[in-house]
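Here is a short report on a protein model and a ligand site. Please look over the sequence and the structure before reading on.

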Amino acid sequence: MNQSEYIKILRLARTAIEEYKNWGEDELVLDKTMQVKVSVAKEEKKEISKNIEQSEQKIKKQKKEQMKQQLKQEPVKAIQSKNAEQKLEDLKKIIVNCKKCELGKYRLNAVCGSGDPYANIMFVGEGPGFQEDHEGKPFIGRAGDLLTKIIEAMGYKRETVYIANIVKCHPMKNPENPELKGNDRPPTMEEMQICQPYLDEQIKIISPKVIITLGASSTRALLKTDDVISSLRGKFTEYMGIPLMPTYHPAALLRNPKLKKDV
Ligand code: SF4
Ligand code: URA
């Protein structure tokens, strides 16, 4: 037999032994050399089961660690939830008594905001209108109904987001007459600047993942720009380190439904 024939036979033998190992056999006693090979297999098997044992222990340890972390987080969550609600309530008490700007003199109700204190998405509108001023809640008129539909089209529920305005009191063309319909006007830059710390505080408390400004007023105030909303909308910027997306105000969509597609 020449060398290459030997090698062939040895290769075949090796394959046969491998298969034998795969059947789960530990020992194959043929002659001394073979026994050595198979006992190597035995060592390998030991090594494999040691590895399995080690990784099982590692997984167990990781699971235990995860459980520990979860248990740690639960009470923290509970405390946090108490805090954000409480903090928003405390802020509300300040806002309803605020007279820092002229709007405070004539409003019927200060409108602080509504929704989930832990919302991921926060909408910021312009300011309360006639109906909001009467009921003390944001976005409850026709524009509000449309906003609710937009939120639902995004796959959320109104209660799971947070809705606020850049000013908390009703800006009126004729402030002497809050009972007059069609008396709404946009807030001035000065009114927005005076009121903005309340919104900043709300953002700090809620800590949303994204802020959506509705319309030119809140977008311009937060981004400190005079640009038109049609050029600002649809582009992410940042406010207080949070991604901010400006879009059209729902009232603009009621006037011009063609803009709905962009929103
Ligand atoms: Fe105060 Fe804002 Fe109302 Fe002005 S609009 S009175 S700053 S809460
Ligand atoms: N428009 C706004 O900008 N905010 C409201 O709360 C209602 C209408």
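The structure holds four salt bridges, each a side-chain nitrogen of Lys or Arg within 4 Å of a carboxyl oxygen of Asp or Glu. The model is predicted, so local features need pLDDT of at least 70 and side-chain atom pairs pLDDT 80 or more, while totals for chains, interfaces and linings use all residues. Residues are numbered from 1 along each chain as written, chains are lettered from A and ligands numbered from 1 in the order written, and side-chain values use heavy atoms, without hydrogens and water.

One of the salt bridges joins K93 and D90, at 3.9 Å from N to O. Both residues lie in helix α2 (residues 32-95), and because they are three residues apart there, about one helical turn separates them.

| Protein atom | Ligand 2 atom | Distance |
|---|---|---|
| E126, backbone N or O | oxygen | 2.7 Å |
| G127, backbone N or O | nitrogen | 3.0 Å |
| N165, polar side-chain atom | nitrogen | 2.8 Å |

The protein covers 91% of the 240 Å² of accessible area that ligand 2 has on its own (Shrake-Rupley method, 1.4 Å probe).

How values were computed:
A polar contact is a pair of N or O atoms within 3.5 Å; within protein, one must be able to donate a hydrogen and the other to accept it, and residues adjacent in sequence count only if both atoms are side-chain atoms. Helices (H or I, at least four residues) and strands (E, at least two) are DSSP runs, numbered from the N terminus.
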